[in-house]
Amino acid sequence: MPSFFLRCVRLLQLPHRRVLAVGGALILCVLAGTMVLMWRGLDDMKQRDQQRLELMASVLDAHVGQVFEVGGQALDNLANSLLQAPDALDRLEAQQQYYLQSLPFLRSLALVSEEGRVLVSTQLADRGGQVDLQRLVTQPVRGERMAIGPWTPGRTLTEKTSPGTSSRLGFIPLLRRVQLPNGRHVLLVAQFSPDALAQYQQQLLDLNSPDTRVYLALDDGRLLSHVGHDALVQGASLDGHVYFRMKAARKGIYGPVQTLGERSLGAWQRAASQPLVSLVEQPYASTLRRWLLSLRGPLTFMALALVLIGVMTFSAWRSARARAIARRERDEALQEIARREHELSVLFKSVQDLIFRTDPQGTLRFVNARWQAMTQQTPESARGRHLRDMVLPECRERIEALFAPRRPPGVRTAQAQLMGANGEIRVLDISVVPLLARDGRLRGFAGSAADVTTLLATQMHLQEQLAFSSQLLESNPLPVCLTDLEGHFLMVNQAWEHFMGLSRDQVLGRHNRDFLPPQEAQAYDAHSDELLRVGGQIRYEERLHRPDGSVRDVQVTKVRLLSHQGEPMGLLIVKMDITDYLAARDLAEQASRTQSEFVANISHELRTPLQSILGFSELGMLRGRQHEKLAAMFGDIHAAGQRMLELVNDLLDMSKIDSTVGAFHFEPHDVRDIIEAVAAELASQLQGKQLTLNLQLGRLPLEAKVDPVRFAQVIRNVLANAVKFSPEGRAIQISAGLSDDVTIHIAVRDQGPGIPPTELEAVFQAFVQSSKTRDGSGGTGLGLAICQKIVTAHGGHIHAANAPGGGAIFHITLPTAGYTDTMPAALQ
């Protein structure tokens with residue numbers, strides 16, 4: 001109020017000749033301002049309404065996007081589960097029930113074949129029924145992407161509705177295409193409830209405006225859900241809406257325009273990852289009503305202000321008005337000067353470089369705060385000193401040259417060294433500019449100094465690193481080269497020159513096709529193109545024809561090099577000569593085959609005399625029953641022959657397993673059946689020692705591709721060892737199950753003496769027995785070695801461990817049949 005009366009007093013002091021003009025101008029200004037304010041008030045209210053509608057559209061879009069994203073994630077999880085276990089439809093149905101209970105906006109989940117047959121569904125009415133897929137989606141679902149269909153009438157997927165029948169019950173389908181391992185395709189279908197979306201929309205409207213309308217539609221204009229417009233029905237088309245008549249961006253506002261029968265304000269938000277658009281509208285008449293209500297108070301105030309201005313205009317005086325205007329202008333000028341000085345001071349403080357000013361002789365008159373950071377001295381201590389006295393002696397001539405008065409005008413630069421606060425040497429790039437008066441006289445210099453010590457040190461370190469990398473590359477014994485994206489050689493090392501027989505002058509800047517045979521160059525480029533496309537690195541073997549005519553086998557490693565921005569910039573290629581290695585490998589394989597054939601032949605030749613020894617020893621035992629000594633002698637001969645025959649059979653098994661020709665015949669089998677068959681076979685041995693066998697094989701099938709005869713030999717050897725070394729009256733336990741989705745784990749545990757920790761790996765070597773179990777019973781030491789070879793041939797692993805309570809545990813792991821070979825099966 002005091003400021004208002006002060007303005008009134010100043011207005012009363014205006015001169016008589018200008019009072020009417022000024023008063024009329026004030027009244028016109030007030031009227032014009034009032035109109036502008038009224039118009040701006042309407043515009044502001046419209047903008048606020050549009051911003052509110054835009055915010056509501058964004059909130060609705062976020063909610064819809066979250067709903068469909070969560071539904072899509074549920075379909076992705078169901079698809080992954082289906083790919084891992086295509087036949088486990090019971091587990092898939094359980095997962096569908098879980099998602100249906102945890103996601104309230106879902107009405108049902110179903111698995112549908114490409115022909116439209118419902119395979120699995122949470123709706124009992126849909127199971128086994130036939131679905132018209134054209135009702136759910138207008139375009140085929142491509143790849144593994146999600147597809148949102150139009151609003152579909154009906155309660156279930158299989159419910160039949162007439163084309164012209166009006167229905168208020170329906171759903172929004174979300175489809176996910178899945179390619180099964182057997183090549184077939186199925187569809188995962190989620191039924192979204194439009195009522196759940198409409199309920200959230202209604203809650204949002206209740207918090208904002210009751211006359212607001214909300215629409216959720218597909219990009220092609222088909223309505224999915226709406227709130228606030230009773231004339232529309234679900235599934236109607238909004239092609240005539242203003243949004244679908246213009247090329248709309250992802251979000252925006254419109255209005256006032258004619259939409260659906262009345263002028264409205266609106267906003268839209270198009271989903272980023274789904275073909276959905278959220279529209280929020282409000283009648284423009286509602287905005288006008290609220291604007292008119294808001295004008296009552298301001299219009300009354302403006303009328304009173306106009307009357308007051310008209311009364312006060314008649315008693316104004318010019319002198320007081322003029323003095324007030326002059327005083328105000330002076331104050332504004334002083335404030336502007338103070339503001340500019342403050343901004344200039346802040347600018348100097350924020351500059352990281354040293355800013356200074358000198359007189360014509362180079363004596364410092366001003367330095368900014370950077371001086372204290374560089375020297376730990378206050379800026380006042382530098383004033384009155386010459387710049388040449390602050391640098392090292394060897395740099396003073398360059399500083400004096402900066403301030404030479406007869407040099408041409410323009411920027412002068414020099415580099416000098418300064419002693420830092422901690423005694424370190426700082427390198428400065430100094431630039432000065434002469435300051436000239438209007439008459440051309442030199443008033444002084446303005447300059448700046450940038451600390452480039454760290455930059456120079458970094459450049460030197462980088463040069464050292466480059467030199468080290470170059471030396472390291474040159475000293476590398478492997479041939480190394482670097483090419484650009486087009487395949488032109490940028491660098492080769494000495495080992496590459498020696499190996500290829502070409503100097504770097506002959507290859508740098510050229511393509512490999514310039515000196516390689518066409519076929520080798522084409523294969524070389526094909527691998528490079530693949531690496532540039534997929535990234536990472538690749539490794540392959542090739543046969544290289546060298547310029548001297550020799551042919552070498554080479555292992556090539558190629559790595560794609562990326563810039564700091566992640567863009568490909570070239571290929572690093574390393575070659576390694578593996579000719580001698582391949583030759584040595586072939587010789588080793590030949591020696592191994594020769595050894596296996598020798599063992600097989602000698603074992604076969606030993607069987608004939610052993611059969612005679614065993615036969616005659618059995619005959620002697622029968623005929624010498626009446627002579628105890630004679631029977632004992634023939635018994636010892638027969639036992640020794642049996643041990644010899646077992647050793648020959650084990651050697652023959654070892655040679656057969658080492659051979660890769662016709663040794664194994666893999667078939668899909670449930671390993672539980674093989675374990676039970678071997679257990680039944682050894683039942684008599686278990687009864688002889690009064691041992692109990694506990695089988696814990698589970699209820700789920702354990703399918704694996706095995707040679708049933710060979711794998712039964714593994715179980716037989718391990719179980720026979722457990723029977724052999726278990727004390728009488730104890731128990732042996734065999735457990736089997738899935739350790740993960742692709743691995744079968746079998747464990748055989750006994751209660752025998754166990755195995756010393758240092759011998760846990762050695763017992764799987766040929767002719768080696770544990771020191772605790774070496775009891776002279778005639779074992780050959782080949783059983784576990786044969787088991788290891790058989791399990792390894794099956795792609796598995798066998799190892800031994802000691803049980804916490806005593807005894808040994810033999811662990812056998814095998815890949816499941818689904819991991820090694822996907823078996824085709826029809827959906828049930």
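Student: Is leucine 31 buried, partly exposed or exposed?

Tutor: Keep in mind that we're looking at a predicted model. Leucine 31 sits in helix α2, which covers residues 16-84. Buried would need under 20% relative accessible area and exposed over 50%. Leucine 31 has 41% relative accessibility, so it counts as partly exposed.

Student: Which residues make the nonpolar surface patch of about 260 Å²?

Tutor: Leucine 31 is one of them. Residues in a patch need over 30% relative accessible area, and leucine 31 comes in at 41%.

Student: What is the C-alpha to C-alpha distance between tryptophan 371 and leucine 354?

Tutor: In sequence, the two are 17 residues apart. Leu354 is also among the residues that tryptophan 371 touches, along with Gln376, Pro379 and Met390. From C-alpha to C-alpha, tryptophan 371 and leucine 354 are separated by 6.2 Å.

Student: Zooming out, what share of the chain's residues is buried?

Tutor: The chain has 828 residues, with 23 helices and 28 strands. Its accessible surface comes to about 47200 Å², and carbon and sulfur atoms account for 55% of that. As for buried residues, they make up 39%.

Methods:
Residues numbered from 1 in each chain as written. Predicted model: local features only at pLDDT ≥ 70, side-chain atom pairs only at ≥ 80, totals over all residues. Heavy atoms only, no water. Helix = DSSP H or I, 4+ residues; strand = E, 2+ residues; numbered from the N terminus. Buried < 20%, exposed > 50% of the residue type's maximum accessible area, 1.4 Å probe, protein only. Areas by Shrake-Rupley, 256 points an atom, 1.4 Å probe, with all protein chains shown as cover. Contact = heavy atoms within 4.5 Å. Patch = residues over 30% accessible without salt bridge, like charges linked within 9 Å, V, L, I, M, F, W, Y side chains within 5 Å. Salt bridge = Lys/Arg side-chain N within 4 Å of Asp/Glu carboxyl O. Lists of a residue's contacts leave out its neighbours within four places in sequence.
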